[in-house]
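Let's take a friendly walk through a protein chain together. Have the sequence and the 3D view ready, and look up each residue as we reach it.

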Amino acid sequence: MASSRFLLPSGFTLLLTAAGCVSSDPLGTERKSGDLEVVKSGSPRQWTAAASVSSSSATGWLKDFDDPDLQRLVRLALERNHDLKAAAARVTQARAQAKAAGADLWPQVGVDFGGRRNQSASGQRFVGSGVRSNRFELGTDISWELDLWGRLRDQRGAVVTGAEAAEEDLYAAQLSLAATTVKSAITLAEARAQIQLSEENIATRRINLGVLEKQLDRGIDTEQVALDVSLARADLARAEATLASRKREADEARRSLELLLGAYPAGKERGVADLPGMRKSVPAGLPSEMLLRRPDLRAMERRLESALRSESVAKKAFLPSFSLTGSGGLSSDELSLLLQREAVVWSLAGSVAQQVFQGGRLRANAEEARAKYDEILSTYSGQALQAFKEVEGALAAEIYLKEQEAALTTAAAEAERAVELAIGRYSRGLSDALTVLDSRQRAFDARSALLAVQALRLRNRADLHLALGGSF
């Protein structure tokens, strides 16, 4: 195939040179920088609810929990969760769109080959006596819009930053899925521990009820023992109802965990054996700059950049556009002569287009783009404040839950001691069965509340890592 070299007129050469020299910065870049400074200026240097704890730092937020099964569950969730796969597919789509958006910056080239056969009248009466001719053409068409004002670059930049926002959304989804998996596994472990506690409570109450029923059969203080038997039966029934509720909660937590792992919710997943321990305390004096690594905030910042570039595209639509078009190739009446030098043909043209009147469409597009930017900026500001609230709340809860756990630990220990004392007094005839039943209920409630707070503190630690966007 023959090739031809086009000699551009000097005017077009200058346009090409100018197109390469124009800055690609979108209109309003300084305004965006100032807006971001306003958002970030409201950030405190340190958290007002900073925990007064050891300054040792965790090596990774999953390692903060002393249980390797948690890491196994999170790994399975990240590999198999269908919502996360959908988020990853959206990132692939956004990347493909970013690649396609860059195509307008390059010349558009097309190649075509055609042939035709014609017959013209020769003035004779008989059909078929006209003059026949052949024509074969092999050509290339080139068109290129010179991005003199950077409009196409802004257009591509808007799509690219949108793809970057999608990547941050994927990371946010991964972080959220990991935290949700950890919390779901902790909830399941708590439910199983509560079931075990309820079963122990039921077994003890059945023993107590058997003793009271024997006393009733022997006719010992019939009226008082009958009351004790009724109360014991009521407490046993309440304990059995509590056990059924705990089993329901465990079943729901198990199926929710299986769903996070991308598996059918058959209710077979064991999760973790027990409530995990925490290896590290929250470091004191966490800097607020850590919040800037949160993927949801980074995604909003990239969307703000995308909106700014889209606004710049809308404003630059008022400016004239410059285009080059060219065609070249080979044309001949004989196929055998198509590749000869004499068959070369070419043409070159340039154009300048300026929008004059579109009924206000361009101005409306610019106003819409600016309003979109303002919307994202306000959303970003509100989301940043919400992020600070989440971290402050999790840090404060860390303190209060730790105090609550310590108080409930003491309460549970004292309640168990009270049960022993009540049983001793009852066996010596110094107190009634009602005191024993009441002390056992207090002990059960204290141990159940302690389990709940321990699990809540673990879930709060996962929420803190989620709010901070990762490890300490």
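Asp-169 is partly exposed, with a relative accessible area of 31%; here buried means under 20% relative accessible area, exposed means over 50%, and partly exposed is in between, using a 1.4 Å probe and protein chains only. The side chain of Asp-169 meets that of Arg-303 in a salt bridge, with N and O 2.2 Å apart. A salt bridge is counted when a side-chain nitrogen of Lys or Arg lies within 4 Å of a carboxyl oxygen of Asp or Glu. Side chains of opposite charge can pair when their charged atoms come close.

Helices (H or I, at least four residues) and strands (E, at least two) are DSSP runs, numbered from the N terminus.

## How to read this model

You are looking at a predicted model, so local features need pLDDT of at least 70 and side-chain atom pairs count only at pLDDT 80 or more, while totals for chains, interfaces and linings use all residues. Residues are numbered from 1 along each chain as its sequence is written, and side-chain values use heavy atoms, leaving out hydrogens and water.

## The chain as a whole

The secondary structure comes to nine helices and six strands. Of the 472 residues in the protein chain, 38% are buried. The accessible surface is about 26,100 Å², and 54% of it belongs to carbon and sulfur atoms; such areas come from the Shrake-Rupley method with a 1.4 Å probe, and for residues only the protein chains shown count as cover.

Contact means heavy atoms within 4.5 Å. Among contacts between residues at least 6 apart in sequence, 83% join residues at least 24 apart.

How many salt bridges does a search of the whole structure find? The search gives 30. One of them joins Asp-235 and Arg-238, whose closest N and O atoms are 3.4 Å apart. These two residues are three apart in helix H6, so they are separated by about one helical turn. Asp-235 counts as buried at 15% relative accessibility, whereas Arg-238 counts as partly exposed at 44%.

Asp-296 and Arg-294 form another salt bridge, with the closest N and O atoms 2.6 Å apart, and both residues are buried. There is also a network of salt bridges, which links Asp-64, Glu-398, Glu-405, Arg-457 and Arg-461.

## The nonpolar cores

A nonpolar core is a set of buried Ala, Val, Leu, Ile, Met, Phe, Trp, Tyr and Cys residues joined through side-chain atoms within 4.5 Å. The largest one has 45 residues, and those touching the most other members are Trp-61, Phe-65, Leu-70, Leu-73, Val-182, Ile-186 and Leu-257. Helices H3 (68-80), H4 (82-101), H5 (151-217), H6 (222-260) and H9 (433-468) each give two or more residues to this core. The largest share, 17 residues, comes from H5. A second, separate core has 23 residues, including Tyr-380, Ala-387, Leu-395 and Phe-472.

Now find Phe-65. Leaving out residues up to four places away in sequence, Phe-65 touches several residues, among them Val-182, Ile-186, Pro-276, Leu-458 and Arg-461. Phe-65 also forms an edge-to-face aromatic pair with Trp-61, at 6.5 Å centre to centre and 80° between the planes. Rings of Phe, Tyr and Trp (its six-membered ring) pair if their centres lie within 6.5 Å; planes under 30 degrees apart count as stacked, over 60 as edge-to-face and the rest as tilted. Both Trp-61 and Phe-65 are buried, and a search of the whole structure finds one aromatic pair.

Gly-469 lies in the segment after H9 and has a positive phi, near 80°. At 4% relative accessibility, Gly-469 counts as buried. Which residues is Gly-469 in contact with, leaving aside neighbours within four places in sequence? They are Tyr-171, Leu-175, Arg-293, Arg-294 and Pro-295. The C-alpha atoms of Gly-469 and Ala-172 are separated by 8.1 Å, although these residues are 297 apart along the chain.
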